[in-house]
Amino acid sequence: MASAAVMVFACGLTDRYRVRWIGLTVLFGLAVATLLMSLPTALWSLLLAVFLLRLMGQGMMAHAAMVARPGTMR
């Protein structure tokens, strides 16, 4: 349930910021999530890594691609 609330908030950011900055942030977050996934030291860090992978990869990556329009990359 909390992940849906975070996704609603994160998707709202694409209305306020340019796609270029959203894309860079999502790629950086995805890199951090994959690094965290490779180094789990506790259960909470593994759960955080899975949450971030879902949010940044399947959630925001797909959403940013859908809302990107020509002319918004500047």
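The largest pocket of this predicted model has a volume of about 210 Å³. A pocket here is an open set of points on a 1 Å grid over the protein atoms alone, where a 1.4 Å probe fits, with protein on both sides within 12 Å along at least five of seven lines. Grid points are joined across faces, edges and corners, and the volume is the space filled by probe spheres set on the points.

The lining, meaning residues with an atom within 4 Å of a point, consists of V6, F9, A10, L13, Y17, W21, I22, T25, V26, L55, M56 and M60. These residues divide into eleven nonpolar, one polar and no charged, where Ala, Val, Leu, Ile, Met, Phe, Trp, Tyr, Cys and Pro count as nonpolar, Asp, Glu, Lys and Arg as charged, and the others, Gly among them, as polar. Helices α1 (2-16), α2 (19-38) and α3 (43-67) each supply at least two lining residues.

The protein has three helices and zero strands, in the order α-α-α along the sequence. Both element types are DSSP runs, numbered from the N terminus: helices are H or I with at least four residues, strands E with at least two.

Among the lining residues is T25, which lies in α2. T25 counts as exposed because its relative accessible area is 51%; exposed means over 50%, buried under 20%, and partly exposed in between, with a 1.4 Å probe and protein chains only. The C-alpha atoms of T25 and M56 are 9.1 Å apart, although 31 residues separate the two along the chain.

S45, in α3, is buried because its relative accessibility is 2%. A polar atom of the S45 side chain lies 3.2 Å from the backbone nitrogen of T41. Leaving out residues up to four places away in sequence, S45 touches L36 and P40, a contact being heavy atoms within 4.5 Å.

Of the 74 residues of the protein, 23% count as buried. Among contacts with a separation of 6 or more, 65% join residues 24 or more positions apart.

Residues are numbered from 1 along each chain as its sequence is written, and side-chain values use heavy atoms, without hydrogens and water. Local features need pLDDT of at least 70 and side-chain atom pairs count only at pLDDT 80 or more, whereas totals for chains, interfaces and linings use all residues.

How values were computed
A polar contact is a pair of N or O atoms within 3.5 Å; within protein, one must be able to donate a hydrogen and the other to accept it, and residues adjacent in sequence count only if both atoms are side-chain atoms.
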